[in-house]
Amino acid sequence: MSLVNISRKVQGHMREQSWGRIVNIGSIAMKQPHRKFPLITHNVTRAGQTAFNRTLADELAPHNITVNNLATGAIRTGKFESYMSEFASKTGQSYEALLAGISADIPVGRIGEPEEMAAACTFLCSTRASFITGQTVVVDGGEVDTL
Amino acid sequence: MVNSQGIGRACAQGLAENSAKVIVVALRQQGIDRAVVELKGENLVAAGVSADMTTVEGARKAVSFARDTFGDPGIVVTNVHAGELGRWD
């Protein structure tokens, strides 16, 4: 509910300014459910987030406010490392072997860095991204299979 | 308005480097303070507030802080945790 709460609180101020940018960061489950990892809450909530994104984008577009999702792939954050460490432990494999397998499934052949997410976020928040709204932009090194 | 670690922290950096005045919002004060000190140390404009964004009151607190500090927010970046590892069963 966090993004619903914050969107409600800021949209009035953005409407008064006739300008705004809302970027909601989620995961690649917005495009394709996680199957390799038991992330059921991600699979369920991110689908809802995608629908919310599109609906809010339509509502706010006439006010020059864009609303977009960023779908996060395998990005080297503390949370990612703790997830993978726990998963490796539970499945009896080494952390290094798990990460090597994940990297092999990513067309660019590596885990991403937080700065690579930030670059996309910064662009979507800029004046240059004025004609992009209601979208889910995937930052995953090509991992997701969907068109 | 962004959060204090990982991707949120990197977004705060990217936005601040592009002249945004950044409000860092998270639950833990320690992470907020660290992020704000680091950003200010690079002569970027930042402030922070602790708020529970899963609640309406937390969202109200964050937006009020942003308005009082830098004016009406024009950009919001949410980076919400979606749960731990777990299957349906």
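Modeller: Let's start with pLDDT, the predictor's confidence in each residue, from 0 to 100. For chain B the mean pLDDT is 89, with 84% of its residues at 70 or more.

Colleague: What are the ipTM and pTM of the model?

Modeller: ipTM is 0.89 and pTM is 0.91. This is a predicted model, where local features need pLDDT of at least 70 and side-chain atom pairs count only at 80 or more, while totals for chains, interfaces and linings use all residues. Residues are numbered from 1 along each chain as its sequence is written, chains are lettered from A, and ligands are numbered from 1, in the order in which they are written.

Colleague: Why is helix 1 of chain A called oblique to helix 3 of chain B?

Modeller: The axes of helix 1 (residues 2–17) of chain A and helix 3 (residues 56–70) of chain B come within 9 Å and cross at roughly 40°. Under 35 degrees is roughly parallel, over 145 roughly antiparallel, 65 to 115 roughly perpendicular, and the rest oblique. That is why helix 1 of chain A ends up oblique to helix 3 of chain B.

Colleague: Which residues meet there, from helix 1 of chain A and helix 3 of chain B?

Modeller: A:Asn5, A:Ile6, A:Lys9 and A:Val10 meet B:Val56, B:Ala59, B:Arg60, B:Ala62 and B:Val63 (contact: C-beta atoms, placed from the backbone, within 7 Å). The residues of this contact between helix 1 of chain A and helix 3 of chain B split into six nonpolar, one polar and two charged (Ala, Val, Leu, Ile, Met, Phe, Trp, Tyr, Cys and Pro are nonpolar, Asp, Glu, Lys and Arg charged, the others, Gly among them, polar).

Colleague: What makes helix 3 of chain A roughly perpendicular to helix 4 of chain A?

Modeller: The axes of helix 3 (residues 78–90) and helix 4 (residues 95–104) of chain A come within 9 Å, crossing at roughly 110° (lines fitted to C-alpha atoms, for helices over the stretch in contact; angles run from 0 to 180 degrees between N-to-C directions). That angle makes helix 3 of chain A roughly perpendicular to helix 4 of chain A. In this pair, A:Met84, A:Ser85, A:Phe87 and A:Ala88 face A:Tyr95, A:Leu98 and A:Leu99.

Colleague: In what order do the four strands of the open sheet stand?

Modeller: The order is 3(A)-2(A)-1(A)-3(B), with parallel pairing (two strands pair if DSSP finds at least two bridges between them). Strand 3 (136–139) of chain A and strand 3 of chain B stand at the edges with a single partner strand each, so one side of each has no neighbour in the sheet. From one strand to the next the twist averages 20°.

Colleague: How many bridges join strand 1 of chain A to strand 3 of chain B?

Modeller: Strand 1 (residues 20–27) of chain A pairs with strand 3 of chain B over five bridges, in the parallel sense. One bridge joins A:Arg21 to B:Ile75. With strand 2 (residues 65–72) of chain A, strand 1 of chain A pairs over eight bridges, also parallel, and there A:Gly20 has A:Ile65 as its bridge partner.

Colleague: How many residues does each chain give to the contact?

Modeller: Chain A gives 44 residues and chain B 31. On the side of chain B that touches chain A, helix 1 of chain B gives the most, with seven residues.

Terms used. Helix = DSSP H or I, 4+ residues; strand = E, 2+ residues; numbered from the N terminus. Contact = placed C-beta atoms within 7 Å.
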